[in-house]
Amino acid sequence: MQITPSPRFVWLLTLACGLTVANLYYTQPLLHAISESFGVSQGSTGAVVTATQLGYAAALVLLVPLGDIVPRRPLVCGLLLVDAAALTVSAVAPNLTTLIVAACVVGVSSVVVQILVPFAASVAGDAERNRVIGMLLSGMLIGVLLSRTFAGLVSEAISWRAVYALAALFMLLAASVLFRLLGPRPADLSITYRQQMRAIVSVAASQPVLRRRSLIGACVYAAFNCFWTTAAFLLADDPYHFDQGDIGLFGLVGVAGALTTNLAGRYMTDARQSVLSGLMLSALVLSFLAMGVGGEILLLLIVGVLVMDATVQGVHLLNQGVIYALQPSARARLTAVYMTSYFIGGALGSAIGSTAYQMAGWAGASVAGGGLSLIAFLAWAVRTRSTGRAEPAVPQAPEIATARTS
């Protein structure tokens, strides 16, 4: 059923998405504090971020397809209650192993956002769909940007455990609101889970452009997580000696990503989007060069972060435009393939960054992030040079990531 969602409906969904996606990023500025609390190496605590990302990636494959074939209210609210329970366990975790297990469950249950966004697309009319989806994605981006600041400030004022405790309360609040908001709607499709999964595998096997753009997205997000997983270690040590509050505030530098998403969106109807992808990927490689030097110079570090966050968001948006031009009637399945690859890349990037930092400090982490960015650039450059032409043009009004097939 297509309707014109009320402003209250859209704002509540946006708030729920922002609060839920923040669960994936609270840990990044807390890693230094967690390592000191448990008396373990800084590299070891990076496994918490990796576990969160792997759990989220697994849920993208295994749980998101359920959004079309089972009623959403019990699915969404049930996952949010599991999320609250896992965050509570994180708040009282007696050791690092328990925290890692809880982080994986947090990642799995936070996939709710990838169920809510297609839901919003399905209930909105054609004239309202892009506006509604744009609102939800903006809320998610703000949740990502503010999660690090929130975590850093709360950790500094109380403790790192308080961050997880408050996040658990937020999930209980979101579950209560969404239980009333979603209503007793039936499932959209009358197909089996096996049929849905087979369709996803089929679209991945038949679309080489989808596979290549998924590789680019995975490498870009891996580089992004490589930096943010290790940034807390750098900022807490020489020569900066930032406290948890300062580390959290440093996360606000990423607001450039939000601005660049809007800028990149203006070019999404332009056939030159492939060139724009190449320029952004080149800038991403250079940003890690600046951040590597920025291990000693704060201004260069800030410039590098501004460029990195901006290009990661821009490439992500352009990737979506390219893949949705492939099969407009199968966008939900295209999303499942792309976003799963994206978050697997993020999990690997966290692990690579932690290991590189443990072995070679900030220089090692910067080289690792730059190497991942270079792989993404080469994946774009090889195909572009071999064909001598751009990829399929972006549709005049592409739906945003996770918009489902009606």
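# Helices, rings and a surface patch

Colleague: Which helices each supply at least two residues of the nonpolar patch?

Modeller: This is a predicted model. The patch on the surface is formed by Leu286, Leu289, Val293, Ile297, Leu299, Leu300 and Val303. At least two of the patch residues come from each of these helices: H14 (273-293) and H15 (298-324).

Colleague: How much accessible area do the residues of the nonpolar patch have together?

Modeller: Val303, one of the patch residues, sits in helix H15. Its relative accessibility is 38%, so Val303 counts as partly exposed. Taken together, the patch residues have an accessible area of about 630 Å².

Colleague: What is the accessible surface of the protein chain, and what share of it belongs to carbon and sulfur atoms?

Modeller: The protein chain has 406 residues, and 58% of them count as buried. The accessible surface comes to about 15700 Å². The share belonging to carbon and sulfur atoms is 69%.

Colleague: How many helices and how many strands does the protein chain have?

Modeller: Among contacts with a separation of 6 or more, 84% are between residues 24 or more positions apart. The secondary structure of the chain amounts to 16 helices and zero strands.

Colleague: How many residues of H3 are buried?

Modeller: Helix H3 covers residues 42-62 and reaches 31 Å from first C-alpha to last, close to the expected 30 Å. H3 is largely enclosed by the rest of the structure, because the number of its 21 residues that are buried is 15.

Colleague: Is Asn319 buried or exposed, and which residues does Asn319 touch beyond four places in sequence?

Modeller: Asn319 belongs to helix H15. Its relative accessibility is 0%, so Asn319 counts as buried. Leaving out residues up to four places away, its contacts are Arg213, Ile216, Gly217 and Tyr338.

Colleague: How far apart in space are Leu306 and Leu252, C-alpha to C-alpha?

Modeller: Leu306 is another residue of helix H15. With a relative accessible area of 35%, Leu306 is partly exposed. Leu306 and Leu252 are 54 residues apart in sequence, and their C-alpha distance is 9.9 Å.

Colleague: How many aromatic pairs does a search of the whole structure find, and what are the distance and angle for Phe227 and Trp228?

Modeller: The search of the whole structure finds 17 aromatic pairs. Phe227 and Trp228 form one that is edge-to-face. Both of these residues are buried. The distance centre to centre is 4.9 Å, and the angle between the planes is 80°.

Colleague: Why does the pair of Phe227 and Trp362 tie together separate parts, and how many residues apart in sequence are they?

Modeller: The ring centres of Phe227 and Trp362 are 5.7 Å apart and the planes lie at 75°, so this pair is edge-to-face. Phe227 is in helix H11 (residues 208-236) and Trp362 in helix H16 (residues 331-387), so the parts tied together are apart in sequence by 135 residues.

Colleague: What are the relative accessibilities of Phe227 and Trp362?

Modeller: Ring pairs link both residues into a cluster that also includes Tyr56, Tyr338 and Phe250. Under 20% relative accessible area means buried. Phe227 counts as buried at 2%, and Trp362 counts as buried at 10%.

Colleague: Where does Ser110 lie, and which residues beyond four places in sequence is Ser110 in contact with?

Modeller: Ser110 lies in the loop between helix H6 (96-109) and helix H7 (113-123). Its relative accessible area is 0%, so Ser110 is buried. Apart from neighbours within four places in sequence, the contacts are Thr20, Asn23, Leu24, Tyr56 and Asp83.

Colleague: Which residues does Leu75 touch, not counting those up to four places away in sequence?

Modeller: Leu75 is in helix H5 (residues 72-91). A relative accessible area of 14% makes Leu75 buried. Val64 is 11 residues from Leu75 in sequence and 10.0 Å away, C-alpha to C-alpha. The residues touched are Leu66, Gly67, Val70 and Ile115.

Colleague: How far apart in space are Gln327 and Val203, C-alpha to C-alpha?

Modeller: Gln327 is in the loop between H15 and H16 and is partly exposed, with a relative accessible area of 24%. Gln327 and Val203 are 124 residues apart in sequence, and in space the C-alpha distance is 9.0 Å.

How values were computed
Residues are numbered from 1 along each chain as its sequence is written. This is a predicted model: local features need pLDDT of at least 70, side-chain atom pairs count only at pLDDT 80 or more; totals for chains, interfaces and linings use all residues. Side-chain values use heavy atoms; hydrogens and water are left out. Helices (H or I, at least four residues) and strands (E, at least two) are DSSP runs, numbered from the N terminus. The expected span of a helix is 1.5 Å times one less than its number of residues. Buried means under 20% relative accessible area, exposed over 50%, partly exposed in between (1.4 Å probe, protein chains only). Patches are made of residues with over 30% relative accessible area and no salt bridge: like charges are joined within 9 Å, nonpolar side chains (Val, Leu, Ile, Met, Phe, Trp, Tyr) within 5 Å. Accessible areas come from the Shrake-Rupley method with a 1.4 Å probe; for residues, only the protein chains shown count as cover. A salt bridge is a side-chain nitrogen of Lys or Arg within 4 Å of a carboxyl oxygen of Asp or Glu. Contact means heavy atoms within 4.5 Å. Rings of Phe, Tyr and Trp (its six-membered ring) pair if their centres lie within 6.5 Å; planes under 30 degrees apart count as stacked, over 60 as edge-to-face and the rest as tilted.
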